[in-house]
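The sequence and the three-dimensional view come first, and the description comes after them.

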Amino acid sequence: MKLTGPLERVLTVMIADPSAPHYGYDLMKAAKLPSGTLYPMLARLQQDGLVEAEWEAQREDTAGRPPRKYYRLSAEGLRVARLELAQAASSAPPRRAGRGAAWPAPGSTR
Amino acid sequence: MSPEPRTQRIAGWLIQTVCRRLPADVRAERCREWTAELPAILDDQSIRPSFLRTLRALSFCVGISWTARQLSRSARAASRRTRNTQWRTGALRTRPPALAVRAVRGLLIWLVVVAAVLGLIALLRTRGLPPSFPVVLVLALAVGFDCFCLADIARAAQVRYLPRWAWVIICLVQAPLGGIMYLSIGHISRARSGTIR
């Protein structure tokens, strides 16, 4: 897994409370990412088994709102995310100072 | 506050439209997931004034269109990998020929067709038929073949290498060659496409 800027932000949001489920728009707002970046990333993470998705149970108090799909880190995802974020934090200063664009800047979509 | 129903309807329709390009097995679920996000966007009171929420919903749809493109691309790549594995394990009788082989085969077929048509015209001239007859015959053959290719493009679950519209243009612009190239390169035969349909 290559830790890109957007991925780092999504993992940071999800790792803040690993048990809390997030729906797409919630993650978009928290990680400040457009839908065109977030959903392909979630699909990849889900395919790699790092993120689990589940449908919201239909409840009475949703006022007719359709059920949402919620995402959360799997046990493996939590382990990988912690490791990757820790590595990114330790190598952050040289990466920012370096001339190479090894990772796209946060905010760049692709 | 209830979200603007008209915006939600339009955005829902947009999402449904872009979901059509997704593989059939995930289409309905993805469509349901993304449509379910719309109320949250249109109800988001942190975005003011309200027309900005509409813009946000529309930009969400643009991103969904990009996502659908990405997902269908990776599904196609996965199905290609599956086909290759199937060939190795013997599930497919023959290995799908390489692109260059198919292109050369297409060109050869085209040469044979052109030679056959020219021969037919020369033969008809000796029979004392009206001079317009060979022209009408060739036109009818070309139109018939084009119709066949266009119908095939329209009905195929998947076409290869180029998007459908590009194959349509190629078939129309270069009447026999375009169609032959589509059939030899872009067309996926029923026998081989069992796994990806």
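**The interface of chain B and chain A**

The structure is a predicted model. In it, 22 residues of chain B are in contact with 19 residues of chain A. The size of an interface is often given as the accessible area lost when the parts come together. For chain B and chain A, the buried area is about 1800 Å², and carbon and sulfur atoms give 56% of that area. On the side of chain B, the residues that lose the most area to chain A are B:Glu33, B:Glu37 and B:Trp66, which together account for 26% of what that side buries.

Polar interactions also cross this interface. The rule finds 12 residue pairs in polar contact between chain B and chain A, with both residues at pLDDT 80 or more. In chain B, helix H2 (24-42) and helix H3 (50-89) each supply at least two residues of the side that touches chain A. H2(B) gives the most to that side, with 10 residues. By class, the side of chain B that touches chain A has 10 nonpolar, five polar and seven charged residues.

**Salt bridges**

Side chains of opposite charge can pair when their charged atoms come close. Over all chains, the structure holds seven salt bridges, and the count between chain B and chain A is three. The table gives two pairs that include residues from both chains.

| Residue in chain A | Residue in chain B | Distance, N to O |
|---|---|---|
| A:Lys69 | B:Glu29 | 3.0 Å |
| A:Lys29 | B:Asp44 | 3.4 Å |

**A helix pair in chain B**

Within chain B, the axes of helix H5 (residues 132-155) and helix H6 (residues 164-173) come within 10 Å and cross at roughly 180°. H5(B) and H6(B) are therefore roughly antiparallel to each other. From H5(B), the residues B:Asp146, B:Cys149, B:Leu150, B:Ile153 and B:Ala154 meet B:Arg164, B:Trp167, B:Val168, B:Cys171 and B:Leu172 of H6(B). By class, this contact of H5(B) with H6(B) has eight nonpolar, no polar and two charged residues.

**Details of the backbone**

In chain B, the peptide bond from B:Arg48 to B:Pro49 is cis, with omega near -5°. B:Pro49 is found in the loop between H2 and H3 of chain B. In chain A, phi of A:Lys32 is near 50°, a positive value in a residue other than glycine. A:Lys32 has its place in the loop between H2 and helix H3 (35-47) of chain A.

Definitions and conventions: Residues numbered from 1 in each chain as written. Chains lettered and ligands numbered in written order. Predicted model: local features only at pLDDT ≥ 70, side-chain atom pairs only at ≥ 80, totals over all residues. Heavy atoms only, no water. Contact = heavy atoms within 4.5 Å. Buried area = accessible area lost by both parts, 1.4 Å probe. Salt bridge = Lys/Arg side-chain N within 4 Å of Asp/Glu carboxyl O. Polar contact = N/O pair within 3.5 Å; in protein donor to acceptor, adjacent residues only side chain to side chain. Helix = DSSP H or I, 4+ residues; strand = E, 2+ residues; numbered from the N terminus. Nonpolar A, V, L, I, M, F, W, Y, C, P; charged D, E, K, R; others polar. Axes fitted to C-alpha atoms, helices over the stretch in contact; angles between N-to-C directions. Parallel < 35°, antiparallel > 145°, perpendicular 65-115°, else oblique.
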